[in-house]
Amino acid sequence: MIRLLVDPLRARIVESLADGPACTCHLVEETGAKQPTVSHHLRALREAGLVAMEPSGRFTYYRLLPDALRATGEHLVDLADRAQATANTRREC
């Protein structure tokens, strides 16, 4: 999940979708990327469970799934808490 969000274009797409559902044409305009590239990244985000698609007439709108993002954020917070708790404890060799 984190690896997906590290990509700058995917991060921009996620940022844009945080403001509400959008179709590919909106995301192309906002990011400046080509339509096939945006579609490729949307597919990766959809397959990872971060984005859902909803047909609306002749367009398909994509929306962020907040629970998936929240779970990823909680996992990162847990890792940070563990790292902080064990920062001064070395493992025996």
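**A conversation about strands and helices**

Tutor: Let us begin with S56, which is found in strand β2, residues 51-56. Please bear in mind that this is a predicted model.

Student: Is S56 buried, partly exposed or exposed?

Tutor: S56 is partly exposed, because its relative accessible area is 40%.

Student: How far apart are S56 and A44 in space?

Tutor: Their C-alpha atoms are 21 Å apart, and the two residues are twelve apart in sequence.

Student: Now the helices. Which residues of α2 are buried?

Tutor: Helix α2 covers residues 8-17, and its buried residues are L9, R10, I13, V14, S16 and L17. Seen down the axis of α2, these residues fall within an arc of 160 degrees, so they line one face of the helix.

Student: Why do residues three or four places apart point the same way?

Tutor: An α-helix has 3.6 residues a turn, so residues with that spacing point the same way.

Student: And what is exposed on the other side of α2?

Tutor: P8 and E15 are exposed there.

Student: What happens at the start of α2?

Tutor: A side-chain oxygen of D7 reaches to within 3.0 Å of the backbone nitrogen of L9.

Student: Let us stay with L9. Why does L9 count as buried?

Tutor: L9 has a relative accessibility of 13%, and therefore counts as buried, the cut-off being under 20%.

Student: What is L9 in contact with, leaving aside neighbours within four places in sequence?

Tutor: With those neighbours set aside, L9 is in contact with T31, A33, T37 and H41. As for G32, its C-alpha atom is separated from that of L9 by 9.7 Å, and the two residues are 23 apart along the chain.

Student: Where is G32 relative to α3?

Tutor: G32 follows α3, and its phi is positive, near 80 degrees.

Student: How do α2 and α3 pack?

Tutor: They pack at an angle of about 120 degrees, and their axes are 10 Å apart. That angle makes α2 oblique to α3. The contact is made by L9, R12, I13, S16 and L17 of α2, together with L27, E30 and T31 of α3.

Student: Is that crossing left-handed or right-handed?

Tutor: The crossing of α2 and α3 is right-handed.

Student: Then which residues of α3 are buried?

Tutor: They are T24, L27 and T31. Viewed down the axis of α3, these residues fall within an arc of 60 degrees, so they line one face of the helix.

Student: Let us look at T24. Why does T24 count as buried, and what is T24 in contact with?

Tutor: T24 counts as buried because its relative accessibility is 14%. Apart from neighbours within four places in sequence, T24 is in contact with Q35, V38, S39, L42, T60 and Y62.

Student: Last topic: at what angle do α3 and α4 pack?

Tutor: Helix α3 (residues 24-31) and helix α4 (residues 35-47) pack at an angle of about 110 degrees, with 9 Å between their axes. That makes α3 roughly perpendicular to α4.

Student: Which residues make the contact?

Tutor: On α3 they are T24, L27, V28 and T31, and on α4 they are Q35, V38, S39 and L42. The crossing of α3 and α4 is right-handed.

Terms used: Residues are numbered from 1 along each chain as its sequence is written. This is a predicted model: local features need pLDDT of at least 70, side-chain atom pairs count only at pLDDT 80 or more; totals for chains, interfaces and linings use all residues. Side-chain values use heavy atoms; hydrogens and water are left out. Buried means under 20% relative accessible area, exposed over 50%, partly exposed in between (1.4 Å probe, protein chains only). Helices (H or I, at least four residues) and strands (E, at least two) are DSSP runs, numbered from the N terminus. The arc is that of the directions from the helix axis to the C-beta atoms. A polar contact is a pair of N or O atoms within 3.5 Å; within protein, one must be able to donate a hydrogen and the other to accept it, and residues adjacent in sequence count only if both atoms are side-chain atoms. Axes are lines fitted to C-alpha atoms, for helices over the stretch in contact, and angles run from 0 to 180 degrees between N-to-C directions. Angles under 35 degrees count as roughly parallel, over 145 as roughly antiparallel, 65 to 115 as roughly perpendicular and the rest as oblique. A crossing is left-handed if the near helix is turned anticlockwise from the far one by less than a right angle, and right-handed if clockwise. Contact means heavy atoms within 4.5 Å.
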